[in-house]
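Look over the sequence and the fold before reading on.

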Amino acid sequence: MAGSPAFSIVIPEYDIAGHTTSVLLQVTTVGSEIIPSTVLLNGTAASYTTEFGRVTIPAGPSTADMVDTLFVWSGPSAVASAGSHSITFSGPPHLSLAQVAVDTNTVPEPGTAVLMLIGLTGLACRRNRKS
């Protein structure tokens with residue numbers, strides 16, 4: 001789209017590659033809305049998108065909508081490589097961003113959770129023997 005503002009958010013180098021990872025982007029716009037099909041994490045579209053808030057506000061003689069949209073990338077393929085990651089998106093001319101928030105969440109691999117459970121069980125057994 002000619003004249004569309006383009007945005008890029010860089011997530012600093014963080015070792016989230018290869019883990020079960022979720023990356024969440026929350027965008028609040030006022031007036032013109034973001035174009036959902038342009039929202040990409042390292043060139044990949046979000047696995048889940050939802051609009052979770054819309055409020056009509058007065059804007060002079062007319063009104064404008066303030067819209068909250070959530071984009072979610074999840075699973076091991078969400079972040080395929082180590083290093084910095086980039087979220088890009090665009091919108092119509094005169095796009096007004098009221099808020100942009102990014103959150104990453106890494107869940108330990110199942111093998112890590114099993115090892116932690118074995119360790120905690122061992123500590124509990126050892127404690128019971130001392131009593």
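This is a predicted model: local features need pLDDT of at least 70, side-chain atom pairs count only at pLDDT 80 or more; totals for chains, interfaces and linings use all residues.

Q: How many aromatic pairs does the structure hold, and is the geometry stacked, tilted or edge-to-face?
A: The structure holds one aromatic pair. F7 and F89 form that pair, with 5.1 Å centre to centre and 20° between the planes. Planes under 30 degrees apart count as stacked. So the answer is one pair, with 20° under that cut-off: stacked.

Q: How many residues apart are F7 and F89 in the chain?
A: F7 lies in strand β1, residues 6-11. F89 lies in strand β7, residues 85-90. The pair links distant parts of the chain, and the separation is 82 residues.

Q: Is F89 buried or exposed?
A: Buried means under 20% relative accessible area. F7 has 24% relative accessibility, so F7 counts as partly exposed. F89 has 3%, so F89 counts as buried.

Q: What is the C-alpha to C-alpha distance between I9 and S86?
A: I9 sits in strand β1. Not counting residues up to four places away in sequence, I9 touches several residues, among them H85, S86 and I87. I9 and S86 are 77 residues apart in sequence, yet their C-alpha atoms are separated in space by 5.6 Å.

Definitions and conventions: Residues are numbered from 1 along each chain as its sequence is written. Side-chain values use heavy atoms; hydrogens and water are left out. Rings of Phe, Tyr and Trp (its six-membered ring) pair if their centres lie within 6.5 Å; planes under 30 degrees apart count as stacked, over 60 as edge-to-face and the rest as tilted. Helices (H or I, at least four residues) and strands (E, at least two) are DSSP runs, numbered from the N terminus. Buried means under 20% relative accessible area, exposed over 50%, partly exposed in between (1.4 Å probe, protein chains only). Contact means heavy atoms within 4.5 Å.
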